[in-house]
Amino acid sequence: MGKKVTVVGAGFYGSTTAQRLAEYDVFDTVVITDIVEGKPAGLALDLNQSRAVEGFETKVVGVTTGPNGEGYDAIEGSDVVVITAGLPRKPGMSRMDLLETNAKIVRQVSENVAKYAPNAVVIVVSNPLDEMTALAQLATQFPKNRVLGQAGMLDTARFTNFVAEALSVPVKSVRTLTLGSHGDTMVPVPSKSTVNGKPLRDVMPAEQIEELVVKTRNGGAEVVALLKTGSAYYAPSAAAARMAKAVAEDSGEVMPVCAWVDGEYGIAGVYLGVEAEIGAEGVKRVVETDLDADELAALKEAAEAVRAKQGDVASM
């Protein structure tokens, strides 16, 4: 039986994620769904016609879905479902401004995923990310390891890029890490960041690191402000697609993701940005890394901030 992945939502984020997943050529089928009549089918047709040029065999299928679950039978048997559905931010909006609107959408999608793809690993990318990941788990009733969110991969990629640009070094020579929430309580981890193997703090002054930390925290808002309509999708889709690939290949790769934390770092009972080993069952285990006292305190603060909001989504 071949591998199958579904991307829910055919906006810029969803369509770019579907393209990346198809071009990896590790899935037999990529299904892309949307509520806009004909849009997913048109994208699928276009993507399939790129196969001869890019040299991949993965078949892309596009399906329009309805408010009462119409069309969702097409996702049956999916190994992975990436939920991108929801409204993007507009300039001046915070991720939290989207909470109520996107909660309704994510709940409806999650219930259909549970019905038609009961064995899938679910990767949530809808904002506000930490809250929507918690909601998707509640709505699907899947084991918590099979529902995770994409945030840390993206935030870490942004931090890495900013460090590489500031020092004029190749991106591949930089290693960074961000944990915590996808938002104001994001916790970039300078103590675990290196440039050519040397600690970041040895090659960059503390005040410059702090500037890049703030820039990373505001990375999405900066893109939104420049685009005027819509939000980032090239970097976010790269991150989500890599997570889906790790699940499909059961790779055991360690990635920063939004995962259920149950005792690690002295934190329990909350979805939070941490490093985790990713495989066929989603999160194999949360990987604890040594943090300095300030970073650990910031991570615990982030946990309490998202815990309060995640409690609210249960009734949405």
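Arg107 and Glu111 both belong to helix 4 (residues 99–116), where they are four residues apart, about one turn of the helix. An α-helix has 3.6 residues a turn, so residues three or four places apart point the same way. The side chains of Arg107 and Glu111 form a salt bridge, with N and O 3.9 Å apart. Arg107 is partly exposed at a relative accessible area of 22%, and Glu111 is also partly exposed, at 42%.

The model is a predicted one. The number of salt bridges in it comes to nine.

## Further salt bridges

A second pair consists of Arg285 and Glu277, whose side chains meet in a salt bridge at 2.9 Å, N to O.

Arg307 and Glu304 form another salt bridge, their closest N and O atoms lying 3.1 Å apart. These two residues are three places apart in helix 11 (residues 293–313), a separation of about one helical turn. Arg307 has a relative accessibility of 29% and counts as partly exposed; Glu304 is likewise partly exposed, at 44%.

## Helix 11 and its surroundings

Helix 11 comprises 21 residues and spans 31 Å from its first C-alpha to its last, close to the 30 Å expected at 1.5 Å a residue. At the N-terminal end, the helix is capped by Asp292, which has a side-chain oxygen 3.2 Å from the backbone nitrogen of Asp294.

Which residues of helix 11 are buried? They are Glu295, Leu299, Ala302, Ala303, Val306, Gln310 and Val313. The elements covering these buried residues include helix 4, helix 5 (129–140) and helix 7 (200–203), together with strand 8 (178–180), strand 9 (186–188) and strand 13 (268–279).

## An annotated domain

The unreviewed UniProt entry places the feature "domain: Lactate/malate dehydrogenase C-terminal" at residues 154–308. In the model, this span is 45% helix and 26% strand, and its end C-alpha atoms lie 24 Å apart.

Three strands make up an open sheet in the order 7-10-11, with antiparallel pairing. Strand 7 (174–175) and strand 11 (198–199) stand at the edges; each has a single partner strand, so one side of each lacks a neighbour in the sheet. Strand 7 and strand 10 (residues 194–195) run antiparallel and are joined by two bridges. Within this pairing, Arg175 stands opposite Thr194 of strand 10.

## Thr84 in a loop

Thr84 is located in the loop between strand 4 (80–83) and helix 4. With a relative accessible area of 13%, Thr84 is buried.

Note on methods:
Residues are numbered from 1 along each chain as its sequence is written. This is a predicted model: local features need pLDDT of at least 70, side-chain atom pairs count only at pLDDT 80 or more; totals for chains, interfaces and linings use all residues. Side-chain values use heavy atoms; hydrogens and water are left out. UniProt positions are given in the numbering used here, feature names are shortened, and annotations may be inferred rather than shown by experiment. A salt bridge is a side-chain nitrogen of Lys or Arg within 4 Å of a carboxyl oxygen of Asp or Glu. Buried means under 20% relative accessible area, exposed over 50%, partly exposed in between (1.4 Å probe, protein chains only). The expected span of a helix is 1.5 Å times one less than its number of residues. Contact means heavy atoms within 4.5 Å. A polar contact is a pair of N or O atoms within 3.5 Å; within protein, one must be able to donate a hydrogen and the other to accept it, and residues adjacent in sequence count only if both atoms are side-chain atoms. Two strands pair if DSSP finds at least two bridges between them.
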